[in-house]
Amino acid sequence: MINSGQSYIHGERFLVSYFIGFISNLLNTNSFYIFQTATYSGVLILIILNYSIISKVIFQKTYSIVFFSLFLFNPYIVRYSLSNPAMFNDVVFVISISLLFFSFLKKKNILFYTAILLAIISRQTSILIILALIFSLVLPYKNEFINLKKIFFSFLLWITNYLISQKYLVITGNTFFYKSQFFGLIDFFQNDFEILIFLKFLFLPFLSFGFLFAVTIFLLLKKKISLKINEINIFFIMLLILLVSQPFISGPYVAGKNIIRLATHGYTSIIFLLCLNLKNL
């Protein structure tokens, strides 16, 4: 692996790929076929999980299918994963976000901890989940599911994964990391700012979110959304903002068109929040 900033980032999330490679060696099979099998299985789990969540929140079958279709036909989730099976980490992370929401609905700790584990081993972005948990806990409203124990355990898992990843990076010789990987937008404004490039970058996520954004605006104008102040709404709104902001602050020259795929990690959260806060249709 070439020693570069991107190699460092990809190396930090090696556990999922390491597991795929282990299975490949064990079965003496091309690793790509294992990636295909894992990705197709993951997509199936994601479809079943998201349908279960939407059906649980919206009892009218016709309307639940409408909102489910917003997830199913997004070009950067199911379709993207099927066309690029090697991006299995993204499938695992999106599953973790859906499972996290399901854990809030069911009030099941085992689902919560499983979701956190999957998020942590699949992407460094999982630290944003912990930040959202902390913000939610300190805000002045009643928390029934979020507590210090969950935050502590989540942070402990994240630190453990970080230390293991650092050990792997040292072994492979990937030690270079550039702050521009996180704060490329600052460098862009200071050194390379061009208004057309910035506007194009700003509107790229609409290729994924465009139709969902239109549906959200329509429901708001029709006053069909009644947002309640509770822990699940606040937590997932915070998480959504953090997930979309992360690729944005990397800037046009670091995130590039990847801002579409990375921002889409928060896409299902919007659907779940819409379903949860709809008035009678």
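This is a predicted model: local features need pLDDT of at least 70, side-chain atom pairs count only at pLDDT 80 or more; totals for chains, interfaces and linings use all residues.
**Stop 1: the whole protein**

Start with everything shown as a cartoon. You will find 15 helices and zero strands. The radius of gyration is 19 Å, close to the 19 Å that the globule rule gives for 281 residues, so the protein is as compact as a globular protein of that length. Now show only the C-alpha atoms. Along the principal axes, they fill a box of roughly 55 × 50 × 40 Å.

Colour by accessibility next. Of the 281 residues, 46% are buried. Then turn to contacts. Among those with a separation of 6 or more, 79% join residues 24 or more positions apart.

**Stop 2: a residue in helix 13**

Select L239. This leucine is found in helix 13, which spans 231-250. Is L239 buried or exposed? L239 is buried, because its relative accessible area is 0% and buried means under 20%.

Show what surrounds it. Leaving out residues up to four places away in sequence, L239 touches I97, L100, L128, I129 and A132. L239 and I130 are 109 residues apart along the chain. Their C-alpha atoms are separated by 9.2 Å.

**Stop 3: the cavity**

How many cavities of 30 Å³ or more are there? The count comes to one. The largest cavity holds about 100 Å³ of space.

Helix 6 supplies the largest share, three residues. Now colour the lining by class. Seven residues are nonpolar, three are polar and two are charged.

**Stop 4: the second largest pocket**

Move on to an open space. The second largest pocket has about 410 Å³. It is lined by 14 residues, and those closest to its centre are F206, F209, F213, V244 and I270.

Then display the helices around them. Helix 12 (206-221), helix 13 (231-250) and helix 14 (258-263) each give two or more residues to the lining. Which helix gives the most? Helix 12 does, with five residues. Colour by class again. The pocket lining has 13 nonpolar residues, one polar residue and no charged ones.

**Stop 5**

Most residues other than glycine have a negative phi. The last two selections have a positive one.

Select N28. It lies in the loop between helix 2 (14-27) and helix 3. N28 is not a glycine, yet its phi is positive, about 55°. Is its surface buried or exposed? N28 counts as exposed, because its relative accessibility is 73% and the cut-off is over 50%.

Finish at K223. This lysine lies in the loop between helix 12 and helix 13. K223 also has a positive phi of about 55° without being a glycine. At 63% relative accessibility, K223 counts as exposed.

Note on methods:
Residues are numbered from 1 along each chain as its sequence is written. Side-chain values use heavy atoms; hydrogens and water are left out. On a 1 Å grid over the protein atoms alone, a cavity is a set of points where a 1.4 Å probe fits but cannot get out, and a pocket is an open set with protein on both sides within 12 Å along at least five of seven lines; lining residues have an atom within 4 Å of a point. Grid points are joined across faces, edges and corners, and a volume is the space filled by probe spheres set on the points. Helices (H or I, at least four residues) and strands (E, at least two) are DSSP runs, numbered from the N terminus. Ala, Val, Leu, Ile, Met, Phe, Trp, Tyr, Cys and Pro count as nonpolar, Asp, Glu, Lys and Arg as charged, and the others, Gly among them, as polar. The radius of gyration is taken over C-alpha atoms; the globule rule is 2.2 Å times the number of residues to the power 0.38. Buried means under 20% relative accessible area, exposed over 50%, partly exposed in between (1.4 Å probe, protein chains only). Contact means heavy atoms within 4.5 Å.
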